[in-house]
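Biologist: Before I rely on any of the words used for this model, I would like to hear what stands behind each of them. Could you take me through them one at a time?

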Amino acid sequence: QMDYTLLIIICHSIIAIVSFSINFLLLFSMLFFTPRSSRPFTILMIFHTCMDILNTLSSFSSMSRILLLDWHLVFISHGPC
């Protein structure tokens, strides 16, 4: 019997790291390689990318699972937070 909890935590961590990396590359490219003509739109995209990075970091620091045991809902949180 394989422990699926460890597999879920590993998959969650891999997805969070990939998401953070892609958003960081997007932010870097918008800051340094965007032409001046599209600067107003870039400001909105930079804000959106920063919020995605913060969302990814908070998701990476805590993973919640909801289990149904009999008639009770049980919340299990993995991570330092």
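Modeller: Let me begin with burial: buried residues make up 14% of the 81 residues in the protein, where buried means under 20% relative accessible area, exposed over 50% and partly exposed in between, with a 1.4 Å probe and protein chains only. This is a predicted model, in which local features need pLDDT of at least 70 and side-chain atom pairs count only at pLDDT 80 or more, while totals for chains, interfaces and linings use all residues. Residues are numbered from 1 along each chain as its sequence is written, and side-chain values use heavy atoms, with hydrogens and water left out.

Biologist: Which elements does the protein have, and in what order do they run from the N terminus?

Modeller: The protein has two helices and two strands, and from the N terminus on they follow the order α-α-β-β. Helices (H or I, at least four residues) and strands (E, at least two) are DSSP runs, numbered from the N terminus.

Biologist: What does UniProt place at residues 6-33, and how much of that stretch is helix?

Modeller: The unreviewed UniProt entry places a "transmembrane region" there; such positions are given in the numbering used here, feature names are shortened, and annotations may be inferred rather than shown by experiment. In the model, residues 6-33 are 100% helix and 0% strand, with the end C-alpha atoms 40 Å apart.

Biologist: Why is Ile17 called partly exposed?

Modeller: Ile17, which lies in helix α1 (residues 4-33), has 48% relative accessibility and therefore counts as partly exposed. Its C-alpha atom is 8.2 Å from that of Thr56, a residue 39 places away along the chain.

Biologist: How many aromatic pairs does a search of the whole structure find, and what makes Phe20 and Phe24 a stacked pair?

Modeller: The search finds three aromatic pairs. Rings of Phe, Tyr and Trp (its six-membered ring) pair if their centres lie within 6.5 Å, and planes under 30 degrees apart count as stacked, over 60 as edge-to-face and the rest as tilted. The ring centres of Phe20 and Phe24 are 6.2 Å apart and their planes stand at 20°, so this pair is stacked. Being four residues apart in helix α1, Phe20 and Phe24 are separated by about one helical turn.

Biologist: Which residues of α2 are buried, and what do they pack against?

Modeller: The buried residues of α2 are Thr42, Ile46, Thr49, Ile53, Thr56 and Ser61. These buried residues pack against α1, β1 and β2, where contact means heavy atoms within 4.5 Å.
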